[in-house]
Amino acid sequence: MGRTLVICKPDSVERGLVGEIVTRIERKGLRIAAAELRTIERPLAERHYEEHRDKPFFEALVSFITRAPALLLVVEGPEDTWRIVRTLMGPTDPSTAPPGTIRGDLATETTENLIHGSDGPESAEREIALFFPGLR
Ligand code: ATP
Ligand code: MG
């Protein structure tokens with residue numbers, strides 16, 4: 001069994017696309033193990049995205065992810081669940097994300113790209129512990 005962290009980012013909540021995104025995850029055969037609608041605090045957002053701290057887009061990214069409520073999810077399934085979710089999401093830039101993916105079908109901009117998914121097993125473990133410290 002594997003788990004990954006998914007964030008339906010503030011744009012997906014604002015646009016009413018959370019149901020669509022959760023439906024795609026569930027129809028794929030994955031399970032929601034935990035969920036919380038929450039406005040992410042800045043220090044937590046900065047830790048979550050700490051690999052990007054020195055990038056020019058860091059401030060815009062943190063401002064965006066903290067501007068309004070996001071739906072935090074722990075998604076569960078096979079060992080490589082993180083990879084299955086990344087495939088459903090599509091690449092970072094929605095303008096090159098293929099049709100059939102969440103970003104390819106539903107988004108146009110790199111910042112407002114609707115969804116976060118952990119990019120590997122270690123990231124998944126780290127991020128689940130950050131957002132759901134009490135989860136067993
Ligand atoms: P996420 O971590 O949000 O799931 P990702 O793993 O596809 O996205 P990362 O490289 O981790 O992409 O970048 C994190 C986020 O930073 C992206 O989702 C995007 O919003 C933003 N970002 C990444 N690269 C750029 C860029 N070149 N210009 C502007 N924003 C960017
Ligand atoms: Mg990433």
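**The pocket and its ligand**

Modeller: The largest pocket is lined by 16 residues. Nearest its centre lie K9, Y49, H52, L61 and T92. Bear in mind that this is a predicted model. The volume of the largest pocket is about 390 Å³. Sort its lining by class and you get three nonpolar, seven polar and six charged residues.

Two elements each give two or more residues to the shell around ligand 1: α5, which covers 81–89, and β4, which covers 115–117. In total, 14 residues surround ligand 1. The closest are K9, Y49, R86, T92 and H116. By class, the shell around ligand 1 holds four nonpolar, seven polar and three charged residues.

Next, look at single contacts. Start with K9. An N or O atom in the K9 side chain is 2.7 Å from an oxygen atom of ligand 1. Turn to Y49. One of its polar side-chain atoms lies 2.7 Å from an oxygen atom of ligand 1. Then find N113. Here a polar side-chain atom lies 2.8 Å from a ligand 1 oxygen.

How much of ligand 1 does the protein bury? Taken alone, ligand 1 exposes 570 Å². The protein buries 76% of that area.

Technical notes: Residues numbered from 1 in each chain as written. Chains lettered and ligands numbered in written order. Predicted model: local features only at pLDDT ≥ 70, side-chain atom pairs only at ≥ 80, totals over all residues. Heavy atoms only, no water. Near = heavy atom within 4 Å. Polar contact = N/O pair within 3.5 Å; in protein donor to acceptor, adjacent residues only side chain to side chain. Areas by Shrake-Rupley, 256 points an atom, 1.4 Å probe, with all protein chains shown as cover. Helix = DSSP H or I, 4+ residues; strand = E, 2+ residues; numbered from the N terminus. Nonpolar A, V, L, I, M, F, W, Y, C, P; charged D, E, K, R; others polar. 1 Å grid on protein atoms, 1.4 Å probe; cavity = no way out; pocket = protein on both sides within 12 Å on 5 of 7 lines; lining within 4 Å. Points joined across faces, edges and corners; volume = space filled by probe spheres on them.
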